[in-house]
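Good morning, and thank you for coming. I would like to take you through one model, beginning with a single residue and ending with the whole chains.

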Amino acid sequence: MTNFVQVVILGLLLGGVYALMASGLTLIFGVMRVVNLAHAAFIIVGAYFGYYLYEGLGIDPLISMVLALPVFFLFGVALYRILFPRIEGSERFGEMTVLLTFGLAFFFEGLMSFFFTGIFRTASTGYSTDAFFIGDIFIPKGQLFAVTASAILLIGLWAFLKYSRIGYGVRATMQNRDAAQLVGVNVRSVSTISFGIGMALAGAAGTLVSFLFAFFPSRHWQWLAILLALIVVGGMGSIKGAVIAALGLAVLSSLVTDQISPEWAPMSFYGVLFLMLMIRPQGLFGKKVRI
Amino acid sequence: MTDVRTPTPEAAVTSSEPNRSRWIVLAVVLAFVALLPFARWLESYNYVLQVGTIILMWVAMASSWNILGGYTGYTSLGHNVFFGIGAYVGGMLLVEAGISPFITAPLAGLVAMITGAIVGLITFRAKGPAFIISTIALLLVIFLLLDNWEYVGGANGLSLPLAPFELSWVKVPFYYGMLVSAVLAVLLGYRVAHSKMGLALRAIAADEVKAEVAGIDTRRFKLMAYALSAFFPGVVGAIWGYSLTYVRPTAFFAISVAAQFVLMSIIGGRGTVAGPVIGAAFIIMLNELSVTYLGGSEINLAFTGLIMVLALLFFPLGLVGTLRATNKLPGWLDWD
């Protein structure tokens, strides 16, 4: 029983970070109908950002996380301005963006491999190997800090979407792009800001990754697949769905790791993805779209 | 496949005279490609033959991808899954039963095709982005399965015996194996494009709901497209594994291999019959040049990504598509 509780707790801690990773991806999809296949590559860029600030300047990754937000926001806005206006009018916009970000993912992976090499990295902070004990159950400090930071960012995102003026615009665009435009929402600037926010969330998640996992440039495909599974299962565009899917599937994958073996853990994400596509293609909280 | 040709208006106008010169050019090109292995006096004969083999292999694969990704408009970002499955089927039959992959290649294609149809049954409930995501997930699932399945060698994969050909000729059978696959794959692409099925697929790509309203059994045609597009990657996978003398998950299931399918079709012109052929030749030669002069596979990867981004932004119709749009496409490349 203790073991079971332990496994579930570790799963939830992992899921909290996955939730942050997936939130930016699903936000961008919800607003712009863009599946950003480079999202996980940008998370790795964020991880190097955290790693080098820690190794070079001794800045704690949790502080780098706060720094990453504006830096990656601006990076996202710039990238959006360069890439997307060109294809906005394209007939198959959705598909174009998938291919465009697919190419982008390779571009950044290649650049990172070139500059940072393929060596495994981890920012070895004091807390990344430490743990709290409650009775027989241990809670890794690094994981706990990361989950707390994720939760704060996700609550901040929620409050921003719910109460700010821009947040209204973002939610209106998510619900119905044309209608939002009709009632005077500047859909293009909302898209730009959302892309920036999505990127800021990726960067922030990356700084957390820097001390949680051993990472290297080509690692992003594995994470991307997990994140894509999460947003499809949760319902594409639903942040609530992504968070619930992240927590649920991370617990499932911890159970698989514990009961079967770690190699099969990713299978829980893919397996549930295919199951969801068979039963309910729109996902848990997705709108049923008839294309 | 129904075989009802639908003559396009252009074809009716430009018949007879230009048609003959078109066939002459094509025959010359094909003869050149077919006779290349006899040019043994070439200084870098082995290198030329190797690059030729790779180009022909990719012509077969990109043309197949194009049936699903080009005509039908359903992008697969994990199509090398069928390439890998073919390699494993061919490799296992060689190791266990001692049958040459040159004989079992069609069977490998068939297994890939059946896999495609089964996967299609599951994933075609999803459309657009969710479908694309399912293709990536499929790739990673099969990768994971084969990486951990000890019977087929796990992460180390299979070691295959050397092909029993005389050493100085050893590359030649592989070259012709790929040539036959490439020609057949292009012919398949041509036949599909000029059949009722091709019309249906293009209708699905243009507007699936309208296609369905017009009475097209979209589900059946999509499944057929998926299955057909899986066949030749399976065939050439079996041959390619034999020529490498090993079948390892990382060699076949890397996602950068999947990117090649997409990139070649985009550069050549998605949805055109000749596009993937031109794209495959162009990208492989570019890869060879970049490896020779830039070295390092890291920069090569960044380069691949950059080309894809630039092509999508500035050259979305691809070579064949752009030439057609400006009415400059030479007759011998106009296969649509």
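Predicted model: local features only at pLDDT ≥ 70, side-chain atom pairs only at ≥ 80, totals over all residues.

Residues are numbered from 1 along each chain as its sequence is written, and chains are lettered from A and ligands numbered from 1 in the order in which they are written.

Is B:Ala200 buried or exposed? B:Ala200 counts as buried because it has 24 C-beta neighbours inside 10 Å; the cut-off for buried is 20 or more other C-beta atoms within 10 Å of the residue's own, with C-beta atoms placed from the backbone. Beyond its neighbours within four places in sequence, B:Ala200 is in contact with B:Ala211, B:Ile216 and B:Phe221, contact being defined as C-beta atoms, placed from the backbone, within 7 Å. From B:Ala200 to B:Tyr226 the C-alpha distance is 14 Å, at a sequence separation of 26 residues.

Turning to the chain around this residue, chain B has 15 helices and 2 strands. Its radius of gyration is 20 Å, close to the 20 Å from the globule rule for 336 residues, so chain B is as compact as a globular protein of that length. That radius is taken over C-alpha atoms, and the rule is 2.2 Å times the number of residues to the power 0.38. Buried residues account for 50% of the 336 in chain B.

Next, the interface. Chain B contributes 36 residues to the contact and chain A contributes 36 residues. On the side of chain B that touches chain A, the largest share, 12 residues, comes from H14(B).

Finally, chain A contains 11 helices and 2 strands. Of its 291 residues, 52% count as buried. Chain A averages a pLDDT of 90, and 99% of its residues score at least 70; pLDDT is the predictor's confidence in each residue, from 0 to 100. Where in chain A is confidence lowest? The answer is strand E1 (residues 131-134) of chain A, with a mean of 83, whereas helix H2 (residues 39-57) of chain A has the highest, at 95.

Definitions and conventions: Helix = DSSP H or I, 4+ residues; strand = E, 2+ residues; numbered from the N terminus. Buried ≥ 20, exposed ≤ 12 C-beta atoms within 10 Å, placed from the backbone. Contact = placed C-beta atoms within 7 Å.
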